[in-house]
Amino acid sequence: MKTIFYIALGGAIGSVLRYFTALGITKMIHSVFPLGTFVANVLGCLLIGLFFGYFEKQNPVSPELKFFLITGLCGGYTTFSTFSNENVQLLQNNQFGLAFMYTGLSIIIGFGATYLGLLFTK
């Protein structure tokens, strides 16, 4: 039950942080491209890479801390469901180029950010 608490707490914090990230980006930069979610997903990928890399070097690490940061915080901060919905909306609005660019960049830069996070901790 303690593990569930840490995951839920991290998820709640991550969700609120995602909301503020998307809100802040959207207020700063007005674009048809879903930049707020894109930035949150890339930052979340970087964070998860940093956390994984850090935890590989630290022995032993509290399992609760791993669940809080990786499953909870990063899981709540990144948002694949919103990403998918935004792509469907772009496709429904016949913005095929933007949809494919968004998908491609999210995957390529997301993987790159995760790898970069791992490199930073090594």
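Colleague: Which residues does N87 touch, not counting residues up to four places away in sequence?
Modeller: This is a predicted model, where local features need pLDDT of at least 70, side-chain atom pairs count only at pLDDT 80 or more, and totals for chains, interfaces and linings use all residues. Residues are numbered from 1 along each chain as its sequence is written, and side-chain values use heavy atoms, with hydrogens and water left out. Taking contact as heavy atoms within 4.5 Å, and skipping residues up to four places away in sequence, N87 touches A99, Y102 and T103.

Colleague: What is the length of the polar contact that joins the side chains of N87 and T103?
Modeller: A polar contact here is a pair of N or O atoms within 3.5 Å; within protein, one must be able to donate a hydrogen and the other to accept it, and residues adjacent in sequence count only if both atoms are side-chain atoms. For the side chains of N87 and T103, the value is 3.2 Å.

Colleague: Is N87 buried or exposed?
Modeller: Buried means under 20% relative accessible area, exposed over 50%, and partly exposed in between (1.4 Å probe, protein chains only). N87 has a relative accessible area of 9%, so it counts as buried.

Colleague: Which residues of α4 are buried?
Modeller: Helices are DSSP runs (H or I, at least four residues), numbered from the N terminus, and α4 covers residues 80-92. On its other side, S81 and Q92 are exposed. Cover for the buried residues includes α2 (35-57) and α5 (96-120). Those buried residues are F83, E86, N87 and L90.

Conventions:
Helix = DSSP H or I, 4+ residues; strand = E, 2+ residues; numbered from the N terminus.
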